[in-house]
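Subject: Structure handover

Hello,

Here is the structure for you to look over. My notes on it follow below.

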Amino acid sequence: MVRRVIGELLITAAVAILLFQGWKIWLNDIIYGASQTNAAVELSETWELPSDGPVKNPSTDPGEPVVTETPDDADPFATIMIPSLGADYRKIVAEGVGHNVLNNAQLGIGHYPSTQLPGEKGNIVVASHRTAYGGAFHNVHQLQVGDNVYLETKDGWYKYVYRDTTYVLATQTEVLAPVPQAPGVAPTDSILTITTCNPFLSTAERIIVYTVFDSWYPRADGPPEEIAKLVKKSS
Amino acid sequence: MYAFLWSLLPGPLWVRIVLAIIAVAAVLGILVVWVFPAIDTLITDEDVTF
């Protein structure tokens, strides 16, 4: 009788552990992903769009990009849009890469505070989970030449074009340098670097996706064509 | 244990089955809404994020 109860308790514990794993990497991942996208849309709604009139001629020289003000820890200062990962793909980028950002149901993507900010020369590095907690960068390995990545801040939109993807060990932090892989070298380009874990469900390596600054769109001129629908949907 | 819990359920077989399904659903709901998130914050550390 006692043996039987012990056996049933052990089976129950095993089922509970499997349920927890399923919850963590599947159910909760979906819930977090949806809530992070909603939060990004809500954040974007707090930034005004120019009125419905025709957007300024895009050939107008927008001048030098505005440099984002240094945000406080966990401050959601941007949203990121990657059309090739989904027409609705939109997440918040917040300051810092601690659990308060990465494991957060609204935030999810963090900016390494030691790296540069939109509009600056150098390297903007962002990180997110590959799996679980919304897994914002689950499919970044699918990015290829021709794909664009957009950051939106209160100042406007920054367009980055995909350049290449590399894989490093978790200890190879030189990818965070202003010129990636070349610490100490003064930057002449602006790079947005996306980092997340690799392979799936492992922390052994990091996948590093480099995108290069292409152009900037001041808020008053309206959003770039490729994301105009997505941006306007939330206004 | 489960045989004992089953014997606690009243009524004919179909009522017992319905009650058992409700009980299992309630347990799953409690796990997902309260227990799993609480456990997750306890066992998460920098080394096990992915």
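What share of the 235 residues in chain A is buried? The figure is 38%, where a residue counts as buried if 20 or more other C-beta atoms lie within 10 Å of its own, as exposed if 12 or fewer do, and as partly exposed in between, with C-beta atoms placed from the backbone.

On provenance: this is a predicted model, in which local features need pLDDT of at least 70 and side-chain atom pairs count only at pLDDT 80 or more, while totals for chains, interfaces and linings use all residues. Residues are numbered from 1 along each chain as its sequence is written, and chains are lettered from A and ligands numbered from 1 in the order in which they are written.

Overall layout

Chain A has three helices and eight strands. These are DSSP runs numbered from the N terminus, with helices being H or I of at least four residues and strands E of at least two. Read from the N terminus, the order of elements in chain A is α-β-β-α-β-β-β-β-β-β-α. Along the principal axes, the C-alpha atoms of chain A fill a box of roughly 85 × 45 × 35 Å. Of the contacts in chain A with a separation of 6 or more, 64% are between residues 24 or more positions apart; a contact means that the C-beta atoms of two residues, placed from the backbone, lie within 7 Å.

The barrel

The eight strands of chain A form a closed barrel in the order β1-β2-β3-β4-β7-β8-β6-β5, with mixed pairing. Two strands are taken to pair if DSSP finds at least two bridges between them. From one strand to the next the twist averages 30°, with axes being lines fitted to C-alpha atoms (for helices, over the stretch in contact) and angles running from 0 to 180 degrees between N-to-C directions. Helix α1(A), residues 2–45, packs on the sheet and touches β1 (76–81), β2 (90–95), β3 (108–111) and β5 (148–153) of chain A. The direction of α1(A) makes about 75° with that of β2(A).

Strand by strand, β5(A) has five of its six residues buried. On one side β5(A) pairs with β1(A) in the antiparallel sense over three bridges, and A:T79 has A:E152 in β5(A) as its bridge partner. β5(A) also pairs with β6(A), again antiparallel, over six bridges, where A:V149 stands opposite A:Y160. A hairpin of two residues links β5(A) to β6(A).

β6(A), residues 156–169, in turn pairs with β8(A), residues 205–218, in the antiparallel sense over 13 bridges. There A:K159 is opposite A:S215.

In β7(A), residues 190–198, nine of nine residues are buried. β7(A) runs parallel to β4(A), residues 122–128, and six bridges join the two; A:G122 stands opposite A:S190. With β8(A), β7(A) is antiparallel over eight bridges, and A:T193 stands opposite A:Y210. The hairpin of β7(A) and β8(A) has six residues between the strands, and in it A:L201 takes a positive phi near 65°.

How many residues does the largest nonpolar core have? It has 45, and those with the most contacts inside it are A:I80, A:I92 and A:V93. Such a core is a set of buried Ala, Val, Leu, Ile, Met, Phe, Trp, Tyr and Cys residues joined through C-beta atoms within 7 Å. β8(A) gives the most to this core, five residues. Neighbours within four places in sequence aside, A:I80 is in contact with A:K91, A:V93, A:I109, A:V149 and A:L151.

Helix α3(A), residues 225–233, has A:I227, A:L230 and A:V231 as its buried residues. Seen down the axis of α3(A), these fall within an arc of 100°, so they line one face of the helix; the arc is that of the directions from the helix axis to the C-beta atoms. They pack against α1, β1, β2 and β5 of chain A. The face of α3(A) turned away from the buried side carries the exposed residues A:E225, A:K229, A:K232 and A:K233.

Contact with chain B

The contact between the chains takes 19 residues from chain A and eleven from chain B. On the chain A side, α1(A) supplies the largest share, eight residues.

Regards
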